Amino acid sequence: MKKQRSFLMVGGVNPPSVKLSPGGERIANASIPAFALIPMLQHAGSPAVCLVRPGDRVQEGMLIGKADGVRSANVHASIPGTVVRVEQATGADGTASVSALIEFGGEFARTGKPRERNEWEMLSPTDLLGRIHSSGVVGLGGGLLPTHLKLGRQAVHKAAFLIANGVECEPSLHADVSLMREKSREIAVGMLICKRILEAEHLVLAIGQSHEEELAPLFREAFDDAAQCRIAALPERYPQGHEDLVRKSIIDLAAWADGAGTPGAGGRECVVLNVATLFAVYEAVVLDRPLIERFITVTGSAVRRPGVLKVRIGTRVGDLFEECGGLVEPPGKVVLGGPMRGVSVTSLDFPVTKGVSGIVAFTRSEARTGPEVPCIRCGACVEACPWGLVPTRLHKLIARGSITAALSEGLSQCTECGCCAFACPSRIPLVDSLRSGKRLGALRHHD
Amino acid sequence: MWTACEAGNGWELCAIMTESNRGMASPQLAVSPAPHVGGLASSLRLNWSVACCLLPAAAWGVFLFGVPALEVLAVGVGTALLAELLTGLAWGRMTVRDGSAMVTGLMVGMLMPPGVPLYVPAAASAFGIVVVKQSFGGLGRNWMNPALGGVVFALFSWSDAMSRWLPARGAAEGAAALSPLSALRNALAGGKAAHGGLLALLGANGYPWSAADGRVVTWVNGHVLSILGASLPRGAFDMLVGNIPGGVGVVSVPLLLVGAAYLLARSVIRWQVPLTYLVTFCVIAQLFGGLPMGRGWLAGGMLFQLFSGSLVLGAFFMATDPVTSPLTRWGKLIYGVCLGILTFFLRYFGAPGDGVPLAILLGNCLAPLIDRSTRPRARPSGKAAMA
Amino acid sequence: MTPSAGFTKGLFRDNPVAVTLIGLCPAAAVTGRVIDALWMSVGLIFVLVLTRLSQTILQAMLALTESASQSSPSTEARPFRWLGSLVFASCFTASFELILLAFVPDESASLGIYVPLIAVNCIVLERFAASGNREPVRNIGRDIAKSLQESGGLGVGFAISLIAISLVRETLGSGTITLFPIGSFAGTIEAGNVSLAPARALAYAGGGLLCLGYLAGAARLLGRLKGRRLEGQGGTEAERS
């Protein structure tokens, strides 16, 4: 594998990060929950159709929600037991969907039993896609797009690059790095499977610079032929790990490596997949195992021993603090996801879904935000924005109601990364404002 | 942990207490939009840092000029705070806490000559706060620097009061106190000529440098510079340290630089504007400054120009005001260059005065234009395609 | 924007300088002294009322001739409205200029170029007043009365604004209040302590615009306090997309 020199992203910020406890970077298994609340909508698209009713007995890994239409994904039971209730429940981000509550009981069909491996090299791309689809694999890096959709689009066939994104985007989250450390072979197989489906030209693994020394040798060994995959080490400035920035950096790196004049990917497609998604692809294709668990970082100043856990989908968020030594003090704020882009929750009773990559518990003093002061036009947000937008101007336009003007100044490019709001000394909720502006713009567009 | 309890006609979920999360079954959680961490910077802290960094130079002014200087500062600051308080009450928005009124009042006070009748700083502060800042929408919405707006208002309203100075410490008795710039103008207009730099010119026309200056300059010339064959003119020490007639907080360049260094180190102000401003002005002044004085090219005496008037205060504290200066880095660089050029023209060819307040005000008017032309290019994120 | 009928509305609701922001040129220029503002107001009222009156009579005469010849009223008469306005305003302004020169030459010199500019302001104001009266002429007497009321209101409103600005501006900017000399009174009042060190910045044109701005702001505030929407704002929010 060739190692490339790192390429700098413009802008971005360095938010503070909570360190894991000693030994916390080893993935620990969270206990099986007594109850699992599994929503039918854990992906981007239409909710799955619930196939079970209260009273049904389910096996571990059984299909309980069938994908509804093209832009949808299957949902499986993560624990064996009995379905207690099936009704509408509101998720942490406010969307409501039908959810099945399963009470644990019975024996495991798969866990603890020897696994049989499938010969995936013999399968055709269509069969591979079919396995991925039936296992309900979605983009676990945050996009939650059903993976079979992402890989099956006609436009990405014969893509130039398949990029495995192992650059941990958010501060304080370490699950991806731990996964790469412990499951490098499996991720390598996942990458090869996806490359096979896409018939992609090159495989690239993007990792953070501080982990390069540790992880690069692991991946070099994981691939049979070292030239199969290139490793790119990117600086870990937030939000370098964002899908679009990784794509841009890799394309620019490739252009640099191939010599000036070569346009790199030259307008051909690039597919970026998170390493956790690739691991799920491996499990789906090789082990025939659906997506029923996730690797999550439980962290924050209020957690006694922050660490990485392997959690069954549907586990109650509040219970996971137990696994990490409990909470040091009553939390002031709990966020599902990362500190920069996550959703703050009203209670600890929400389930872990496919989209939860981390749980951050802030102390009371951290949760207090300062008073909001008018914009002093310091320009910090302009310097922080990785996309070259002027957030203060967009915020003013949106506050005035001039959504069209805001859209013409690049509002649709905003990825809500949060760099501008982080950098703002006046504590203006810029992301909130830009997000509402985008929503208004989309509404008007549909009118 | 969830468990099921029988309640009503079915199972209900309830949380059971475990040892470590007793009392935390339903914690009061704050809910707010992402991001959930913030940087260390805070606008309040920015303003109060600037106010603190102005204090050393202000204290020097009080030390030099005595009680009149203190009165001017007190009236400037007091009126500014009072005006902010009253407008806040009228508006329903109390903004005194954010420190900007304190900075405005302090800067107005520091730009005033000591001994000026007290209604002048009062009117300047009140004008700056009420007319320039609050009438346009308060903090962040003024298009002109409030302190400078007030000072220029005072300059035009009471021009003779604003050009009457108090003598420095230990100045030789005799002629009325003149700031170095005014003395230079008089000397060029009808005084004696002299060889050497501008300080020599002032000396030849009887500028009352202090006795301390005499001692230091003689010592340095005798012990240090005689080896190199150079000599400092009389007045170098006075100008360097700031023992000259001038505005209350404007004269001491070293103390201003100390404050500015702290602000730069903490990233409260950025280096782009002050550096380009000072460099542009010094280069132009040195190259062309001698021409209107009839002294030829490269004889502009840039050090003299740097240490007289409110140039250093303006460059580090007033031109860097974030509200009235451009947003982007390139914009700030262009802004600094414009200010340097404007100051040169206003100081040499404009009305008597040091040209800095008016130059910065003109720069403030240019700032939106600079902003518009230096807007960063949006880099495509692929999001638009997904819409 | 339609002007409101009646004398009082010209004072407050359609006040030229403070609300509709018409006639700003003399408002900034001649308000340096109270006496100048007074004479400018007199001039404007004189020219405006007479122009409006003459215009109304002209309209009536045209309407009569049209009905006599049975041709369509509006299309033929339109050019005459502007032309009439121009000619009448210029004539009456010239007359006022000569009157000033004859009887109060000092004042004529002090006002300078702004006396001929009365014509400009009056044309605009007269057209503004006329824009609400588009119905055909029915009762000449009533129309004349109405036009006198409207133009009188606008003129007096203008006068009030100008005098308000000049009082503030002269007192603070020069420390005096200049009025007519009557008997032993020389005409200039010293305004106490301010006259020792007036804020000369207000005596400049910029200071005049400043006072003008605050007058307009005060008018808006009054209107808002009384809960009425003031028509004819100078700065509309054109950025609404």
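Two strands are taken to pair if DSSP finds at least two bridges between them. Helices (H or I, at least four residues) and strands (E, at least two) are DSSP runs, numbered from the N terminus.

This is a predicted model, in which local features need pLDDT of at least 70 and side-chain atom pairs count only at pLDDT 80 or more, while totals for chains, interfaces and linings use all residues. Residues are numbered from 1 along each chain as its sequence is written, and chains are lettered from A and ligands numbered from 1 in the order in which they are written.

**Stop 1: a sheet in chain A**

Select strands S4, S6 and S7 of chain A, which form an open antiparallel sheet in the order S4-S6-S7. Strand S4 (49-50) and strand S7 (75-76) of chain A are the edge strands, each pairing on one side only. Next, show strand S6 (residues 63-66) of chain A, which runs antiparallel to S7(A) and is joined to S7(A) by two bridges. Within this pair, A:Leu63 is placed opposite A:His76 of S7(A).

**Stop 2: confidence along chain A**

The average for chain A is 86, and 94% of the residues score at least 70. Select residues 1-7 of chain A, where pLDDT stays under 50 and the model has 22 contacts beyond four places in sequence; two residues are in contact if their C-beta atoms, placed from the backbone, lie within 7 Å. Then move to residues 260-265 of chain A, also with pLDDT below 50, for which the model has twelve contacts beyond near neighbours in sequence. Where pLDDT is low, the predicted coordinates should not be read in detail.

**Stop 3: the domains of chain A**

Domain bounds come from an automatic or database domain assignment. For chain A, the assignment gives domain 1 (3-20 + 114-286) and domain 2 (380-446). The C-alpha centres of these two domains of chain A are 29 Å apart. Their contact takes eleven residues from domain 1 of chain A and nine residues from domain 2 of chain A.

**Stop 4: chain B against chain A**

Display both chains: 46 residues of chain B are in contact with 60 residues of chain A. On the chain B side, strand S1 (2-7), helix H1 (43-65) and helix H16 (383-386) of chain B are the elements that give two or more residues. That side has 25 nonpolar, 16 polar and five charged residues, where Ala, Val, Leu, Ile, Met, Phe, Trp, Tyr, Cys and Pro count as nonpolar, Asp, Glu, Lys and Arg as charged, and the others, Gly among them, as polar.

**Stop 5: the domains of chain B**

Chain B is assigned domain 1 (43-163), domain 2 (180-220 + 230-241) and domain 3 (269-373). Select domain 1 and domain 3 of chain B, whose centres, taken over C-alpha atoms, are separated by 22 Å. Their contact involves 15 residues of domain 1 of chain B and 13 residues of domain 3 of chain B. On the domain 1 side, H1, helix H3 (100-111) and helix H5 (146-157) of chain B each supply at least two residues. The largest share of that side, five residues, comes from H5(B).

**Stop 6: chain C**

Five residues of chain C are in contact with seven residues of chain B. Finally, centre on C:Gly213 in helix H9 (residues 205-225) of chain C. C:Gly213 is exposed because 12 other C-beta atoms lie within 10 Å; a residue is buried with 20 or more such atoms, exposed with 12 or fewer, and partly exposed in between, the C-beta atoms being placed from the backbone.

Key. pLDDT = per-residue confidence, 0-100.
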